[in-house]
Amino acid sequence: LGVASHRLPRCTGNRTAGPCLPNALEFSGELMTGIRIAVTGTPGTGKTTFCSVSNHRTTTVEEIAATHGCLGEVEDDGSAPIDVERLVNTIIWPEGEILLVDGHLSHLLPVDAIILIRCHPSVLKQRLSQRDYSESKIEENVECELIGVISAECLERPCFEMDSAIGIEAMIANAERWITDGFKPIRPNEGIDWIGQIHGDD
């Protein structure tokens, strides 16, 4: 099998994460205490804003990858390849009560739960157009959001999917209740179907 390499900030990746345990991660032969929560979503949906407002300790996939020697050099398009497969098999989590992992690849890591932030494709396109992204990269990420690529990769762990349109305060409050309740229910709501909302029954 080839190396699973992914680039930031593109919305790509195959699921390679390890097993989930409710209160700790047994990884690389060690029992890692604490709760690791991926805050994921297509680039531009509001992951970093969510993490910055949260009271929990936060790190990023890029920081973790750099620490473990799994981050390549930044290339001309501004992306940095991440060897996700190697990272999954070498990561050592920092100790702590709750750790949020910010990044659109965070759900591929061995985490306990996932917070998935969604954004209407038309709003996302406006946001990404304000970044130094090529037109093709904007379209790629908007399409990923439209068809729910990341949502489809989050089916094996507790996952709370939220529309960023409800506002940051509501997202934080909803997420805190879910975390406090021990990630129950495992999927508090149905996944967001942008295609259905945009096109209806057509």
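I began with the surface of the protein, whose accessible area comes to about 10,100 Å², and I noted that 51% of it belongs to carbon and sulfur atoms. I am keeping in mind that this is a predicted model.

Next I looked up the overall make-up, and I found eight helices and nine strands in the secondary structure. Of the 202 residues, 48% count as buried.

I then turned to one helix, α5, which runs over residues 135-147 and has 13 residues. From its first C-alpha to its last it reaches 18 Å, which is close to the 18 Å expected at 1.5 Å a residue.

Which residues of α5 are buried? I wrote down Lys137, Ile138, Asn141, Val142, Cys144 and Glu145. They sit on the same side of α5, because they cover an arc of only 155 degrees around the axis. I reminded myself that an α-helix has 3.6 residues a turn, so residues three or four places apart point the same way. On the other side of α5, I found that Glu135 and Ser136 are exposed.

What covers the buried residues of α5? I listed several elements that do so, including the strand β8 (113-118) and the helices α4 (121-129), α6 (149-152) and α8 (194-199).

Last, I checked what comes after the helix, and I noted that α5 is followed by Gly148, whose phi is positive, near 75 degrees.

Key. Residues numbered from 1 in each chain as written. Predicted model: local features only at pLDDT ≥ 70, side-chain atom pairs only at ≥ 80, totals over all residues. Heavy atoms only, no water. Helix = DSSP H or I, 4+ residues; strand = E, 2+ residues; numbered from the N terminus. Expected span 1.5 Å × (residues − 1). Buried < 20%, exposed > 50% of the residue type's maximum accessible area, 1.4 Å probe, protein only. Arc of directions from axis to C-beta. Contact = heavy atoms within 4.5 Å. Areas by Shrake-Rupley, 256 points an atom, 1.4 Å probe, with all protein chains shown as cover.
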